[in-house]
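Hi everyone, thanks for coming. Let me put the structure up, and then we'll walk through it together.

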Amino acid sequence: MTSLAMQRRRATAGRVWKQFRSSRSGMIGLGVLLLFVLMALAAPLLADARELNPVYARAQGNPQWAPPSEFGPLGTDYIRRSAWAQFVWGSRISLFVGLAATVLTILIGSVIGIIAGFVGGKPDAVLMRITEWFLVVPFLPLAIVLASVLGRNVWNIIFVIGITSWPSTARLIRAQVLTVKQRLFVDRARSLGASGRHIVGQHILPNVMGLILANATLAVPISILTETTLAFLGLGDPSAASWGKTLEEAFVNGAMVRNAWWYFVPAGLGILAVVLAFTLIGRTLEEIANPRLSRAR
Amino acid sequence: MSEPMLSVRDLEVTYHGHGGHVPAVRGVSFDLEKGDSLGLAGESGCGKSTLANALLRLLPAGTEVSGQIILDGKDVLNLTPGGLRAARWTSGAIIFQGALHALNPVQTVGEQIAEPMLVHQTAASDSAARERVVELLRRVGLPAARADSYPHQLSGGQRQRVLIAMALACDPLLLIADEPTTALDLMVQAQVLDLLHDLKEERDLTLMFITHDLSVLTYACRRLAVMYAGRIVEEGPAWDVFENASHPYTRALAAAFPTIGDEASRMAPSGLGGDPPTPDNLPQGCPFHPRCPLAHDACLPAEPDLRSSGLERSAACVLV
């Protein structure tokens, strides 16, 4: 059984890629994203990690607040660190936290949404009350409290973002599962002797997959922005350079007043570009996931 | 013939809704021999589809079902959940009404035809399943290439053929066709009926055919049962029942079809006034008497039971 399933999956992947290639916005998004992913992966080749250390920077004799014309590709900050090194190494943390937090969000949201929607009854009521509780708790204060209580490291930041942003995903997916569950092909599957697990895997999941993907695309930028926000508020991992942390330090140390644009503009543009790239990719994937949409295109 | 393929005794189905209890099927009994075909006719809401769904226990949770259903020697109402799942589709398969909605829009039809084989693990390998899908598609008159199509790429008739192919995937003994030709145009209807008839002959299937279209039933089935308000009111060989109905309700149904070439029947369509009674508020006595042209005092005291009205025939009417 597995060999044909794998073969079919490979054929599906090929078809998806063929459709994806024909979408211009999707390809632009993918190109931009690949550029940043490559940059994050090749960070050690592009910039010396020691440049992030103020002691090393001072020992090297770097100038302070140097514009790009005086130092490196992007100048230096208030403690003589290379702005380029911060931009390159910061992309790693921002991308990683954004993706990992999204995976967590979508995983929790989908599991709860599908169980609540498919099983119904009491489990549904209990799960939805929990979801509503998380939904009404103000997001930012909860994230701030959790981040400061758990401690400031990358994994905790991921956990905080994941645990605070799943409720809307869960509600959305539950609603979709409820409508899919009513369709005749689910009854048909039951009449041919399918188990609940089979029905969820073969019929419910593929029909809500488009929505899950679309939601994931929305969740990645939100996760990246949340990481930025937490870092900007001083709750990021102090030992890891991220774009949000760069923005925070630039703001706190008066880069705006000094007109030191080389310090904060790259990080800001980086966030903008990555968020946009994910949105473009997500919309294209959504079109492909829904055969009707892709035919109408 | 030792044991019938399907034996139903005193089947009662009651829905418990917000507005109280709704008895949709009220004491239905019949036997269906192996290789035989039974047509079930009646107006909307008379319990046809409820009866069909009850045969494989597909009714919503909380529905009260009593009586006895023996399908292929198995007591359907007392099966364990696992035994029930195993019996579904291998003992009895259903062709649903509404071919579009019974197919998953995001799976190719080939995958869906293979689904029963996957669930029941009847195919030895994936290539065997694939071969079987192609064979089934060919049998129902579709090209093998259609296996890779999505449901919305097929026409209504093609989708109905896909559902028939799916129903045959596990070689069921009993095929329940719940209005398989509704929403199809007349030519396609005829093609689907011919296909079902050929398949039945070829595989010695037992066929149960549900529709409100009497002419379809007389064409497709050997025997005919007419339902009214949750009960069978007349039963017998299809042509015999259609041509000389004993129950006034069957007579009205049969008279609703104009005879081609007979000007008089065209000019004077004889229908049946009024609506069928709602199952939660049945009239006293014979439930048909308010609409019956022959109603008289004897209809009021009690609901008549089915009784023999000739060779292989029975009807539930005081006049029989």
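Let's start at one residue pair: Glu235(B) stands opposite Ser314(B), which sits in strand β12 of chain B. Here strands (E, at least two residues) and helices (H or I, at least four) are DSSP runs, numbered from the N terminus.

Before going further, a word on what you are looking at. This is a predicted model, in which local features need pLDDT of at least 70, side-chain atom pairs count only at pLDDT 80 or more, and totals for chains, interfaces and linings use all residues. Residues are numbered from 1 along each chain as its sequence is written, while chains are lettered from A and ligands numbered from 1 in the order in which they are written.

Back to the strands. β12(B), residues 313-315, runs antiparallel to β10(B) and is joined to it by two bridges; strands count as paired if DSSP finds at least two bridges between them. And what about β9(B), residues 223-228? That strand pairs with β10(B) in the antiparallel sense too, over six bridges.

Zooming out, chain B has ten helices and twelve strands. Its radius of gyration, taken over C-alpha atoms, is 20 Å, close to the 20 Å from the globule rule (2.2 Å times the number of residues to the power 0.38) for 320 residues, so chain B is as compact as a globular protein of that length. Of those 320 residues, 43% count as buried.

Now the partner chain. The contact takes 25 residues from chain B and 22 residues from chain A, with contact meaning C-beta atoms, placed from the backbone, within 7 Å. On the chain B side, α2 (81-87), α3 (109-120) and α4 (126-139) are the elements giving two or more residues, and α3(B) gives the most, with four.

Finally, confidence: chain B averages a pLDDT of 85, with 95% of the residues scoring at least 70; pLDDT is the predictor's confidence in each residue, from 0 to 100. The model scores ipTM 0.71 and pTM 0.73. Thanks, everyone!

Key
Contact = placed C-beta atoms within 7 Å. Buried ≥ 20, exposed ≤ 12 C-beta atoms within 10 Å, placed from the backbone.
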